[in-house]
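This report is meant for someone looking at the model for the first time.

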Amino acid sequence: MYNVRKVTDDLYWVGANDHRLHLFENIYPIPRGVSYNSYLLLDEKTVLFDTVDWGACRQYLLNIEHVLDGRPLDYLVINHMEPDHAACIEEVLLRYPDVVVISTEKAFLMMTQYGFEVGENKIQVAEGDTMDFGKHKVVFVFAPMVHWPETMVTFDTTNGVLFSADAFGSFGALDGKLFNDEVDFDRDWLDDARRYFTNIVGKYGPHVQAVLEKAGTIDIKILCPLHGPVWRTDLGYLLNKYDLWSRYEPEDKAVMIAYASMYGNTESAAQVLASELCERGVTNVVVYDVSTTDVSYLISEAFRVSHIVLASVTYNLEIYPKMLDFLNQMKSLNLQKRTIGIIENGSWAPQSGELMSKFMDDMKLMDVLGEEVSLASSLNDVSYRELREMADAIAEQINGKK
Amino acid sequence: MLYQTTEQHEALRQRVREFAETEIKPIAFQLDQTNGFPAEQIEKFGKMGLMGIPYPKEYGGAGLDVMSYAIAVEELSRVDGGTGVILSAHVSLGTWPIFAFGTEEQKQKYLVPLAKGEKIGAFGLTEENAGSDAGGTETVAVDKGDHYLLNGNKIFITNAPKADIYVVFASTDPTAGTRGISAFIVEKGWDGFTFGDHYDKLGIRSSSTAELIFNNVKVPKENLLGKEGQGFKIAMATLDGGRIGIASQALGIAQGAFESALGYAKERVQFGKPIAFQQAISFKLADMATMLHTSRLLIYSTAELKENHEPYSMEAAMAKQYASDCCQKIVDEALQIYGGSGFLKGMDVERFYRDSKITTIYEGTNEIQRVVIAAHIVGKPPKQKSQRRSRTKTAGATGPRKNIMFNEGSNEEKVAQLVAALEKDGYDFSVGIPIDTPIAEAERVVSVGKGIGPKENMALAEELAKQAGAAIGSSRPVAETLQYVPLERYVGMSGQKFKGNLYIACGISGAGQHLKGIKDASTIVAINNSPNAAIFKNADYGIVGNVKDIMPLLAEALDTGKPKESAPPMVKIKRARPKKQAPDYNFYICNGCGYEYDKELGDEASEIEPGTPFEKLPDEWMCPKCGEGKDEFIKA
Ligand SMILES: Cc1cc2nc3c(=O)[nH]c(=O)nc-3n(C[C@H](O)[C@H](O)[C@H](O)COP(=O)(O)OP(=O)(O)OC[C@H]3O[C@@H](n4cnc5c(N)ncnc54)[C@H](O)[C@@H]3O)c2cc1C
Ligand SMILES: Cc1cc2nc3c(=O)[nH]c(=O)nc-3n(C[C@H](O)[C@H](O)[C@H](O)COP(=O)(O)O)c2cc1C
Ligand SMILES: [Fe+2]
Ligand SMILES: [Fe+2]
């Protein structure tokens, strides 16, 4: 059975939800599922924007068939070639052999690589090219590295809809609720939207900034991303988040304590620090165990908070592997502009503090607090005092100088 | 071709030898013991017309050849290696650059008195971070219109502070590396030009060696030697010639040791005959003589090349390296031949043994000589990858510091600001430690340098230590030379290391070895009257002012009116780290793959040197990861 929703009078959501996939990109856990959005425009011409993941293909085809209601499919616009959106190109071509594919040069190259035979039925567009579908006129805007290099976004100048590819998307299945005003975004979606953005596109902040700059020059009314809710109200809210994330500015004055602990002593210190911070009025504190928390959640939080405390045991003279994983991921995603607190633990040759400091020093604009805490196996009077000094220093920064 | 010196050469040798034997030899041991400089003797040597041997007569020189000069250094060194290098540093290093690169005015003004021996010359190239690698020069000369303003320090400078005229190398364009170095003629006595610690050396103790300190020294424009940016070239050319001098010094020391050992071997009887007739000893002597002969030939032939304006850079390096390496073996065997007697102070071989070592080190270590020689043989290496510079600015010897200067208001106000900052950092001045706590165990130390002045000022330092709840410490010269505090209280790499919290440095300039001893201090406070003193760059808090004025004010400000309670066990106060600064340039990011071009790294794959700005990349440059062109990059 088809399952579609109307976005505007003549624009339909024809995508699909997926709850069976455990790991998006075979790496990110998605307990709330994910949606693959695709949109179909019924103008004088019929225009399909992007396809879906192979796993959702059958639902997708039913949806298209239903919305077309016997009309031919004239155009398929491919904004982004990643297989979670492009996997069904071949199937669409087989079913609608006369369809003309509209995309960028790089995308056509990739179609060849994936083995999708487009043939002569294609229109290769350049940045700023326009097309008329009848009532609707669209302009194609390149968005390189807003996830992949071939990516573009398509703006409908008639109704103000922006088909924004992966930008403004989120993990999480829609489960019926298509629009942002149909959900409690802050409560149910923001964390997943952040986790999606920071892990997947976080590295490409400057490219996202470039797209935001272009977006600032057009009058967007509706955002149609490839994952997650469609935005038709309060667009400024999401644009502001994107602006912060892509400039690597913290969203909240908050503290994330990420600990690596084998037997609980480091964990205990992390908990003591959290309490000390709350005692000082800093209550926007979160504590994570790097061993049991998927790194994508750690990354998402690291992008959110202003202060990150890294508490790690020394493990065979190295940083604990799970912690190192987190640090490597932060570095490769280009995270910057955070204040870092370091807590090390070790029983015979503690090294993790120095190693983590050095790691942070090699990253861009990460400021390590002078107040480092060194635990000899477990918290004692001296290290407790160090810990309180760290809490003082963080509280002073977050609460403002007394 | 007969490999022999001329009669004139030998006549000169006789003259110098006689001078050395009568004037220097009798006092050589005493000079060695007392670190004394043979000032009168050098003056006399000058009057004999021997301080400017290789320079033309019209400029006050003796008009002799380079070999004559080499012979003179050899003969002085044969008696005393220290005296030999006084001549070598004066002629080759202090005078030659003026002779070779000076304008006529500069020659009249400086070369003439130098060549006549009325003035002594010296050469200032080496710095804390520029030893073998002059590219690390940090002394700067800033163009101020009619003069340059010179700031920085030179270390290990032979003939300082005795010399009158210094050829000094400083950067006029710190961005240009060695090509930004320029040479200047600087006179002793100019405002802001002072000398640092004298060094207590292993050998050549009759040669004076000290630090040069330039504090806003105005150098008139006409004292630029050569052109701006030529300094490195001048320095290297000078050192080429200087190497003949050091080779001769090594040869002389070795000759002296050899003659001494030979004499002893012929006299010392064991097993019924002079030890010289033991084959083991005679073979030593044979090897020594052979090494002396080969060294001498190498040196003299190099001198002749120079004299005849033939290229001699490689040969000078060979002579210096070979003669000094041989010298090490010869003095060693000479002492061995003396047996136990050679091990005693007062024996010339004991002194030769110590004097010899420096010859493999200065004017280019022997490792560097081999680099020079090898470069002549195998040519330039293929394009070298410069090392990656760290994103963070390199900190001083004491690591990253706050570098906060209190220079607003009266002295009282500055002191009040300092005390407020210290209290904010968590220092509690109601507690303290005994003034005689060992440095290594002290939580706080008030340390004095030569800037403390006369001994009676020590009372001010002690009062400050008492009020700061600190132990007393000092720089090395204060303990060693001035002897204001016991030797075990001086702080530095060679002395005690301070690992506690608060270090208050009063009148300490901040020599490298001192700074290394305090790098683990949580907080360093500097009080010094020279705003350019290295200590300030290595301190958290600084007050520029006379220690005599500031110390009592600080003591008063820290006085709680009660005796200090004894301090609880030390808790290490954490060091502040300076906030990272965003780089002052942009990264560029590829539209094709997200690759980031960082000019600090350059692009090794395309042989783009680190430091190349994006704009300067060649038009045909491509993204090393995906092959996009330059125009497909966006500014981050
Ligand atoms: C008594 C005395 C008098 C001096 N007089 C003067 C003077 O009048 N004027 C002046 O300017 N300087 C003077 N110097 C400084 C002297 O020239 C330097 O000490 C010397 O050049 C070595 O530099 P460094 O001590 O910094 O050693 P470094 O450069 O730190 O060298 C340390 C070691 O590393 C080796 N090394 C360094 N680079 C390389 C390389 N690329 N390849 C292989 N090995 C390498 C060196 O050979 C050496 O063994 C004097 C020094 C002394 C001790
Ligand atoms: C496999 C393993 C390797 C370790 N390697 C080091 C080490 O190299 N240096 C060190 O000081 N301690 C090392 N430790 C000790 C831990 O850092 C120490 O037990 C720590 O106090 C445990 O803290 P926790 O209770 O938070 O796990 C190691 C412990 C384990 C189990
Ligand atoms: Fe994607
Ligand atoms: Fe996607």
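The text below goes through the metal sites, the cores, a pair of helices and some backbone details of this predicted model.

## The two iron ions

Four residues of chain A coordinate the iron ion (ligand 4): Asp84(A) through OD, His85(A) through NE2, Asp166(A) through OD and His227(A) through NE2. The iron ion (ligand 3) is held by His80(A) (NE2), Glu82(A) (OE), His147(A) (ND1) and Asp166(A) (OD). Asp166(A) coordinates both ions, which are 3.5 Å apart. The table sets the two sites side by side.

| Ion | Donor distances | Donor angles | Spacing along the chain |
|---|---|---|---|
| iron ion (ligand 4) | 2.2 to 2.4 Å | 81 to 168 degrees | D-H-x80-D-x60-H |
| iron ion (ligand 3) | 1.8 to 2.2 Å | 87 to 158 degrees | H-x1-E-x64-H-x18-D |

The site of the iron ion (ligand 4) is irregular because the angles between its four donor atoms run from 81 to 168 degrees. His85(A) has a relative accessibility of 0%, so it counts as buried. His227(A) is also buried, with a relative accessible area of 0%.

The site of the iron ion (ligand 3) is irregular as well, with angles of 87 to 158 degrees among its four donor atoms. Here the linked pair is His147(A), in the loop between strand E13 (137-142) and strand E14 (152-156) of chain A, and Asp166(A), in the loop between strand E15 (161-163) and H5 of chain A; these two are 19 residues apart. His147(A) and Asp166(A) are both buried.

The loop between E13 and E14 of chain A also holds Met145(A). Its phi is near 65 degrees, a positive value in a residue other than glycine. Met145(A) has a relative accessible area of 3% and is therefore buried.

## Cores and covered parts

In soluble globular proteins, nonpolar side chains tend to be buried together. The largest nonpolar core of this model has 97 residues, and Val7(A) and Met111(A) touch the most other members. Helix H5 (residues 185-200) of chain A supplies the largest share of this core, seven residues. Leaving out residues up to four places away in sequence, Val7(A) touches Tyr12(A), Trp13(A), Tyr39(A), Leu178(A), Phe179(A), Ile222(A), Cys224(A) and Val230(A). Apart from this core lies another of 64 residues, among them Ile42(B), Leu76(B), Ile157(B) and Phe184(B).

Helix H9 (residues 295-304) of chain A is mostly covered, with eight of its ten residues buried. The buried residues include Leu298(A), Ile299(A) and Phe303(A), and also Glu301(A) and Arg304(A).

Is Gly15(A) buried or exposed? At 1% relative accessibility, Gly15(A) counts as buried. Gly15(A) sits in the loop between strand E2 (11-13) and strand E3 (16-18) of chain A. Beyond its neighbours within four places in sequence, Gly15(A) is in contact with Asn3(A), Tyr36(A), Asn37(A), Ser38(A), Val52(A), Gln59(A) and Asn63(A).

## Chain B

Chain B has 636 residues, of which 53% count as buried. Its secondary structure comes to 16 helices and 21 strands. Among its contacts between residues at least 6 apart in sequence, 69% join residues at least 24 apart.

Helix H3 (residues 66-79) and helix H7 (residues 279-307) of chain B have axes that come within 8 Å and cross at roughly 145 degrees. On H3(B) the contact is made by Val66(B), Met67(B), Ala70(B), Ile71(B) and Glu74(B); the residues on H7(B) include Arg296(B), Ile299(B), Tyr300(B) and Ala303(B). By class, this contact has seven nonpolar, no polar and five charged residues.

Most residues other than glycine have a negative phi, and most peptide bonds are trans. Pro161(B) lies in the loop between strand E3 (147-158) and strand E4 (165-171) of chain B. Asn216(B) is in strand E7 (residues 209-220) of chain B and is partly exposed, with a relative accessible area of 37%.

Terms used: Residues are numbered from 1 along each chain as its sequence is written. Chains are lettered from A and ligands numbered from 1 in the order in which they are written. This is a predicted model: local features need pLDDT of at least 70, side-chain atom pairs count only at pLDDT 80 or more; totals for chains, interfaces and linings use all residues. Side-chain values use heavy atoms; hydrogens and water are left out. Donors are N, O and S atoms within 2.8 Å of the metal (3.2 Å for Na, K and Ca); water is not among the atoms, so sites may look incomplete. Four donors count as tetrahedral if all angles lie between 85 and 135 degrees; four count as square planar and six as octahedral if opposite donors are over 155 degrees apart and all others between 65 and 115; anything else is irregular. Buried means under 20% relative accessible area, exposed over 50%, partly exposed in between (1.4 Å probe, protein chains only). Helices (H or I, at least four residues) and strands (E, at least two) are DSSP runs, numbered from the N terminus. A nonpolar core is a set of buried Ala, Val, Leu, Ile, Met, Phe, Trp, Tyr and Cys residues joined through side-chain atoms within 4.5 Å. Contact means heavy atoms within 4.5 Å. Axes are lines fitted to C-alpha atoms, for helices over the stretch in contact, and angles run from 0 to 180 degrees between N-to-C directions. Ala, Val, Leu, Ile, Met, Phe, Trp, Tyr, Cys and Pro count as nonpolar, Asp, Glu, Lys and Arg as charged, and the others, Gly among them, as polar.
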